[in-house]
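Colleague: Please take a close look at one part of this model, the charged surface, and then follow the charges from there.

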Amino acid sequence: MNAAPARPRVLMLSKACLVGIYQRKLEEIARLGVDLLVIVPPSWRDERGETRLERAFTQGYRLETAPIMFNGSFHLHWYPGLGRRLRAFAPHIVHIDEEPYNLATWQALRQARRAGAKALFFSWQNINRAYPPPFSWGERWTLARADYAIAGTDSAAQVWRAKGYRGPLSVIPQFGVDADLFAPPARPRPKRPFTIGYFGRLVEEKGLTLLLRAAAALPDSSWRLLIVGGGPQRSALETLARQTGMGERVCLRDLVPSAEMPALYHALDALALPSLTRPNWKEQFGRVLIEAMASGVPVVGSDSGAIPDVIGPAGLIFPEGDAEALTAHLARLQASPDLRAHLGQRGRARALACFTHQQVAAATVAVYREMLKTLNIC
């Protein structure tokens, strides 16, 4: 007899779910009738530093840590003991929150197949890149054997179709935004200098040098720039701000716990994401955009990758690399509180309509139920 289980069991492997505010999606998935076990490493290292597990939203599902090998190696990390964890839980579906060319994906997919479970992978990769062996071999192996794929954007979906993936595929962002946590301030914003924000990785391709140049050219010098994040470009940005006489107007802060981020958006009058496309990267989504929009903060973004699709009609777009165009957008926002209020309202409406955790969870659970239709359960 073939029948989908009333309460499907899903094991999700995801280093991204270390971040507390991302865990709201997991609660929503569980609320929709999924028996969910999420496995994360104790921490993850990248150019921003080390992100440790935050247990912020943990109701209705199990969130467990597992040892990780080669922490910080995007392509080579893997999880000792994953097979034992998987067999003990006996999932119907293994949700691999990793790119198909990573060792952790190959490991989880192999273990899922050995246990008779269905498996899916998630991808943000929006550039059709050719990887050398063994990554190209593993990628082909994954594409031929995965039961389902979720792509974060339409452009990512196009990449995997071009690379030969022929299985079922849905376009769903990895995470949404908690519209209660990220919301406009309850009280009017206090009088302050026009404050521009950037939150994220401090790396060359994010266009931060361009942002400093654009801010320096604003005709009204009563502005501040708040940069929050970590990465190899930090010292260069501090030096540039000091050498150009902007030191007192530019504040660089280290990463903060995710639960503290909503208050930082309340300190902004605009958020900028001036990303620059590179041969091996273009902006894949820009989560800070939907957080800012949900918070009622007007957003300004370059036309790199997915940024125009995320912002839609709710913000301002400029040609990537064009500092003068970015200055013009920022100057318009600085000069017009009415424009800031209008775009803030449009951004909030767009975030609620398109990018909530509830919407992402519902779409993800729909994928699970579609996968279970082909699972033989006696």
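Modeller: A patch of positive charge on the surface is formed by Arg84, Arg87, Arg110 and Arg114. Patches take residues with over 30% relative accessible area and no salt bridge, like charges being joined within 9 Å. Helices α2 (82–89) and α3 (103–114) each supply at least two residues of this patch. Helices here are DSSP runs (H or I, at least four residues), and strands are E runs of at least two, numbered from the N terminus. Arg114 sits in α3. Its relative accessibility is 59%, so Arg114 counts as exposed; exposed means over 50%, buried under 20%, and partly exposed in between (1.4 Å probe, protein chains only).

The model is predicted: local features need pLDDT of at least 70, side-chain atom pairs count only at pLDDT 80 or more, and totals for chains, interfaces and linings use all residues. Residues are numbered from 1 along each chain as its sequence is written, and side-chain values use heavy atoms, with hydrogens and water left out.

Now the paired charges. The structure holds 20 salt bridges, each a side-chain nitrogen of Lys or Arg within 4 Å of a carboxyl oxygen of Asp or Glu. Arg278 and Glu204 form one, with the closest N and O atoms 2.4 Å apart. Arg278 lies in the loop between β13 (270–273) and α9 (287–294), Glu204 in the loop between β10 (194–199) and α6 (208–216), so the pair ties together parts 74 residues apart in sequence. Arg278 is partly exposed at 28%. Glu204 is partly exposed too, at 41%.

Salt bridges also link Arg24, Glu27, Glu28, Arg31 and Asp178 in a network. In helix α1 (residues 24–31), seven of eight residues are buried, including Arg24, Glu27 and Glu28.

Technical notes: Patches are made of residues with over 30% relative accessible area and no salt bridge: like charges are joined within 9 Å, nonpolar side chains (Val, Leu, Ile, Met, Phe, Trp, Tyr) within 5 Å. Accessible areas come from the Shrake-Rupley method with a 1.4 Å probe; for residues, only the protein chains shown count as cover. Lys and Arg count as positive and Asp and Glu as negative; His and the chain ends are not counted. The place of a charge is taken as NZ of Lys, CZ of Arg, CG of Asp or CD of Glu.
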